[in-house]
Each structure stands twice: as C-alpha cells, then as structure tokens.
Amino acid sequence: MMAKTTTMDSSNTREPQDGTFSFPVAGRSVDARVGMLPQIAGPNITVRILDPLTLRRRLEEMGFDIDLVTSLRRAVASSAGCVLVVGPTGSGKTTTLYALLREVDAVSRNVLTVEDPVEYRLPYVGQTQIRSDIGDRSLTFARALRSILRQDPDVVLVGEIRDTDTAKVAMEAAITGHLVLSTVHASSAPSAYTRLTEMGVPAYLVAEALSIVVSQRLVRQVHECCTVGPPTPDEQAILSRLGIEGVTQVAHPVGCIGCAGNGFRGRIAVAEILAASPEIKGAIQSGLSREKILEIAKKTGWRPMLSDAVRHLKAGRTTVSEINRAASVDDDSTEEDNNG
C-alpha cells in the first residue's frame with residue numbers, strides 16, 4: 001500500500017500551503033496533516049500524525065485520574081451544560097473531546113460537530129468543517145453553530161471557541177437543553193472562566209452554562225527499558241524548586257530498539273479539573289478576578305495540574321524533566337499543593 005497525498009505544489013515555496021497524506025502502518029492507514037511555511041533559509045514543514053487508533057482510547061487509558069474520569073462521565077451523561085477542555089496547541093484537547101464523544105450513545109442521541117479541520121471521521125456523528133475562505137459566504141464556527149442548533153441536536157462538539165460570537169452561542173446552547181463539548185486556549189482550569197468573560201460573554205451566562213473545565217498537558221511516557229533510581233542532584237534541585245517532597249525513586253530513560261533509542265514511547269495526559277460548584281458560580285457572577293476564583297477553588301478541593309504530574313512521576317510513568325516542562329506552563333501551581 002503506497003502513501004496517498006493531496007495536492008501540494010512542491011515548486012511553490014513562496015506561499016504557505018496545507019495538505020494531507022496517508023501511509024500504511026502495521027496493516028492500517030494512518031493520516032498526516034502537513035503545514036508548509038516559507039522562510040528565508042527555506043520552507044519550514046511540520047507534520048501532524050493522526051492515528052485512527054487514537055479514537056479507540058478511552059479516558060482511563062489516556063492517563064487521567066479515576067476521579068477525574070468519573071466526573072467527566074457524569075458531566076457527559078447530562079442532557080445540558082458545557083464541558084470545556086483547555087490548554088495550549090498540541091496538548092491533546094481534540095483527542096480528549098473525541099474520547100468524551102465515545103462516552104455518548106450516538107445512535108440514540110443526535111450528535112453534531114463543527115470543526116476546523118475535521119481530523120477524524122466518527123460513525124453516527126454528523127460532522128461539519130468550517131470554511132473561512134469564501135468571503136461573505138464563509139462558514140465560521142458561529143455561523144455553523146447557529147445552523148447546527150436548528151437541527152435539534154442533543155450533543156454539540158465545537159472544535160474551538162475562538163471569538164465572542166461563538167462563545168456566546170455555545171454558552172446559550174448549553175443552557176437551552178444541549179450538551180456542548182468544546183475547547184478554549186487558557187492557562188488553567190480556573191482561568192478558563194475569566195477567559196470567557198474577557199471575551200465578552202456575560203458572567204451570569206458563563207456561570208450557568210459551564211459544567212466542568214479540564215486543563216491538560218501531555219508528557220512523554222518512559223519506555224519499559226527505563227531504569228529506576230534516586231533522583232540525581234539536578235533532578236533533586238528541580239523537585240525542590242517545584243516544592244515536591246517525598247519522591248525517593250524516579251524513572252530514568254535509557255533507550256533501546258523498541259523506543260528508537262530515546263527512552264520514551266507515547267504520551268500521557270496530566271490534568272486538573274474544576275467543576276462549577278455553587279461557590280465558583282457565585283464568584284463568576286460577582287465578577288471576581290482569576291486570583292480570587294483560584295482561592296475559592298483551593299478551598300473547595302481543587303488540585304493543580306502539577307499535583308497530577310507528581311502522581312505519574314511516583315508511578316514511574318514519566319520523568320522529572322517532563323513534569324518540569326509541564327509545570328513551566330502551569331502557572332497556578334503552588335508549593336503547598338504539589339506534595340502528591
């Protein structure tokens with residue numbers, strides 16, 4: 001089976017281009033998205049692998065804590081509300097959304113999506129891809145979402161909330177009998193609430209619509225060839241700086257044929273979750289700052305993402321350097337919360 005490609009002009013290095021191709025792996029076809037950006041020293045090309053096997057992974061297989069999985073399943077079983085997944089580009093948000101859709105009975109419930117682009121084809125799910133290149137007739141997230149809501153959906157997946165219009169329509173849908181799954185760029189679960197209000201969504205609407213927010217990152221998982229031993233002096237310095245105590249044994253990557261010599265194979269999620277408790281809803285409606293919301297979240301049992309990363313570290317699934325990388329973008333972590 002040969003690789004199959006879409007049209008990209010290899011002679012044109014003056015304009016950005018996007019394309020896709022597929023290639024065989026172990027008897028199955030794997031898709032890839034290609035992006036080309038012209039640069040002075042020559043084009044820069046990135047390739048994103050879209051493995052269909054990803055669709056088969058359930059939430060508990062992605063590295064999430066069992067309590068988080070239980071909370072997510074409870075939220076997805078609801079007939080209304082918004083489940084929001086936040087994080088930077090490449091943090092696995094879309095994969096988590098698809099895993100959430102696996103928890104939905106798409107045969108008995110009308111499930112519709114609007115995405116940019118549609119990365120995976122889902123059985124029994126109506127999928128729409130936005131078009132922003134046809135002028136006044138462009139199909140934006142907000143325009144597509146309004147049309148979708150006229151199709152009497154039970155569950156709506158919005159690939160990303162990018163603007164005020166989309167945010168308002170999504171939140172309104174969540175309080176009018178629709179379960180909405182979506183993503184937004186935010187640094188943490190508590191900051192996702194204020195991110196929406198900063199986008200222009202009324203605070204009362206955010207408080208009423210959001211059911212649960214998950215913030216996540218991906219860390220590399222060590223291969224079985226790794227060794228386990230006490231932290232090195234450099235690793236101990238990192239642990240001390242992060243305020244992590246009680247870690248006496250950590251994984252150290254080695255490298256073998258099975259992991260292409262780098263000591264890692266695959267990635268797992270580190271996450272934090274914040275449900276819209278009455279205290280959080282009240283804080284949002286009162287227009288409190290992210291810092292105040294964070295204080296209230298801590299009092300109601302919220303644990304920062306770094307705490308979840310420590311769980312993986314103690315279980316020998318990842319390394320000190322990996323959780324240090326995850327912590328560098330987890331600005332809501334504090335020392336008293338990171339002792340596992």
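This report walks through a few helices and loops of the structure above.

## Before we start

What you are looking at is a predicted model, where local features need pLDDT of at least 70, side-chain atom pairs count only at pLDDT 80 or more, and totals for chains, interfaces and linings use all residues. Residues are numbered from 1 along each chain as its sequence is written, and side-chain values use heavy atoms, with hydrogens and water left out.

Helices (H or I, at least four residues) and strands (E, at least two) are DSSP runs, numbered from the N terminus.

Let's begin with α1, which covers residues 66-76. Its buried residues are L68, V69, L72, A75 and V76. They span an arc of only 125° around the axis, which puts them on the same side of α1. (Buried means under 20% relative accessible area, exposed over 50%, partly exposed in between, with a 1.4 Å probe and protein chains only; the arc is that of the directions from the helix axis to the C-beta atoms.) On the face turned away from that buried side, you'll find I66, D67 and R74, which are exposed.

What covers the buried residues of α1? The cover includes the strands β5 (81-86), β9 (179-184), β10 (210-222) and β13 (264-275), along with helix α2 (93-102). Contact here means heavy atoms within 4.5 Å. At the start of α1, a side-chain oxygen of D65 comes within 2.9 Å of the backbone nitrogen of D67. That is a polar contact: a pair of N or O atoms within 3.5 Å where, within protein, one must be able to donate a hydrogen and the other to accept it, and residues adjacent in sequence count only if both atoms are side-chain atoms.

Two packed helices are described by the angle between their axes and the distance between the axes. For α10 and α11, the axes come within 10 Å and cross at roughly 170°. That makes α10 roughly antiparallel to α11. (Axes are lines fitted to C-alpha atoms, for helices over the stretch in contact, and angles run from 0 to 180 degrees between N-to-C directions; under 35 degrees counts as roughly parallel, over 145 as roughly antiparallel, 65 to 115 as roughly perpendicular and the rest as oblique.) L306, A309 and L313 of α10 make the contact with V320, I323 and A327 of α11.

In α11, the buried residues are V320, E322, I323, A326 and A327. Seen down the axis, they fall within an arc of 160°, so they line one face of the helix. The loop between α10 (305-314) and α11 (320-327) holds T319. Is T319 buried or exposed? T319 is buried, with a relative accessible area of 2%. Not counting residues up to four places away in sequence, T319 touches V222, A251, P253, F264 and L313.

## Some loop residues to look up

T140 sits in the loop between β7 (126-129) and α3 (141-149), and is partly exposed at 37% relative accessibility. A polar atom of the T140 side chain lies 3.1 Å from the backbone nitrogen of R143. Leaving aside neighbours within four places in sequence, T140 is in contact with I130 and R131.

Now for some backbone details. The peptide bond from D116 to P117 is cis, with omega near -10°. D152 isn't a glycine, yet its phi is positive, near 55°; D152 is exposed, with a relative accessible area of 60%. A260, in the loop between β12 and β13, also has a positive phi, of about 60°, although it is not a glycine.
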